Amino acid sequence: MGTPPASGARPVRVGGSAGSSRPGGPGGPGGPGRPPGGAPRPSARPPSRSRAVYRRRRIVVGILVVLVLLLAWPIGLVVWANGKIQHVDALTDRAPTPGTTYLLAGSDSRDDGSVGDQPDVTGARTDTIMLLTAPASGTPSLISLPRDVPIDYPGQGKVKLNAAYVYGGPEGLVSAVEGLTGITVDHYVEIGMLGVENVVDAVGGINLCWDTEVHDPESGMEWTPGCHDVDGAQALAFARMRKADPTGDIGRQLRQRMVIQAVMSEVKGTDVLVPGTQVKLVNAVTGSLVTSTGTGIIDLGKMALTFRDATGPNGYQGTPPIADYDYRGDGIGSTILLDPDGSALMWQQILDGTLPKAKDAEG
């Protein structure tokens, strides 16, 4: 006979019932939720907290990648653009004057094939001479210097201003402009005719207005009064036309500034934020520019901002005061004689930033 169990004790069952400890039973090591050996079965998906951490990490990594690209693109664009700019020795050792001044020269060279109106003309001249100044404070200005202003050039005597480029190249022109104005040039920028076409086309064309009918075969300008959307070739003809204008070089200078202002208006548009447009614009600009040694893409960017300000309501654009549009007293043909007192005052106002703002002059 067996010994009866102590009072209150549960008897041990030996069948394969729910409470059995036999291997393979529902409650045993091989039961539901446990593989053989008793170890927990691994889950097919990580716990919800782990998934949330994983998602956050992916978002952070994505943001970092975007930030790196946003920073790397403009830096890379600047480095690439700087490497494309052509440089030339152009600046003098003249003592600096206040503010920052850029001398803009438009070369009329036919060597690039962009203009075929005078195939017998070789070399280059500067029919466009502009002084762009950002003063230390006050009014930024864009001043067109008439190419036919008489000057004294070392070793040549009396010559017209644009002849300084023929005799001395960019440095000769810079020196002549500094002697004429008393303003030191900090950056020299030269652009050829083909460059004007390329820049206008790179921004998708510009809108220009002129209230006179023009048929000028020499420049190629064909115009009906009013405003028209134009491409690069038409903009170049608009900027070059002189002989069909009764005001001659003065009218041409006005149209040149109008082209610049129209390009600046297009550059302010959101389209230039598109990388493809930026590359196209940089190619157009750097492919046709020659700048003074040390003038890089950042300086050109600052120049563009100064252009925008000088041609806006808070800037000043124009020409120096003129005493005689057909002066012939120097033996070099018809020249444009500046008013000595009025022009001297203008040079000082440029440096002081005290030229009248466009909005004030209009009012």
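A crossing of two helices is called right-handed if the near helix is turned clockwise from the far one by less than a right angle. In this predicted model, the crossing of helices α3 and α4 is of that right-handed kind.

Before the packing is followed further, the confidence of the prediction deserves attention. The chain has a mean pLDDT of 79, and 71% of its residues reach 70 or more. Helix α8 (residues 340-352) has the highest confidence in the chain, at a mean of 97, whereas helix α1 (residues 48-84) has the lowest, at 64. Two stretches stay under 50 in pLDDT: residues 11-30, for which the model has 14 contacts beyond four places in sequence, and residues 112-123, for which there are 19 such contacts. Where pLDDT is low, the predicted coordinates should not be read in detail.

Two packed helices are described by the angle between their axes and the distance between the axes. For α3 (residues 193-202) and α4 (residues 232-240), the axes come within 8 Å and cross at roughly 130°. On the α3 side, the contact is made by Met193, Val196, Glu197, Val200 and Asp201; on the α4 side, by Gly232, Ala233, Ala235, Leu236 and Arg240. By class, six residues of this contact are nonpolar, one is polar and three are charged.

Ala202 also belongs to helix α3. With a relative accessible area of 7%, below the 20% cut-off, Ala202 counts as buried. Between Ala202 and Asp231 there are 29 residues in sequence, yet their C-alpha atoms are 9.6 Å apart in space.

Helix α4 itself is mostly covered, with seven of its nine residues buried. These are Gly232, Ala235, Leu236, Ala237, Phe238, Ala239 and Arg240. The buried residues of α4 pack against α3, against the strands β8 (206-210), β10 (221-223) and β11 (226-230), and against helix α5 (249-267).

The packing of α4 with α5 can be described in the terms used above. Their axes are 7 Å apart, and the angle between the two helices is about 145°. From α4, Ala235, Phe238, Ala239 and Arg240 take part, and they meet Arg252, Arg255, Gln256, Met258 and Val259 of α5. This contact has five nonpolar, one polar and three charged residues.

Note on methods:
Residues are numbered from 1 along each chain as its sequence is written. This is a predicted model: local features need pLDDT of at least 70, side-chain atom pairs count only at pLDDT 80 or more; totals for chains, interfaces and linings use all residues. Side-chain values use heavy atoms; hydrogens and water are left out. Axes are lines fitted to C-alpha atoms, for helices over the stretch in contact, and angles run from 0 to 180 degrees between N-to-C directions. Helices (H or I, at least four residues) and strands (E, at least two) are DSSP runs, numbered from the N terminus. Contact means heavy atoms within 4.5 Å. Ala, Val, Leu, Ile, Met, Phe, Trp, Tyr, Cys and Pro count as nonpolar, Asp, Glu, Lys and Arg as charged, and the others, Gly among them, as polar. pLDDT is the predictor's confidence in each residue, from 0 to 100. Buried means under 20% relative accessible area, exposed over 50%, partly exposed in between (1.4 Å probe, protein chains only).
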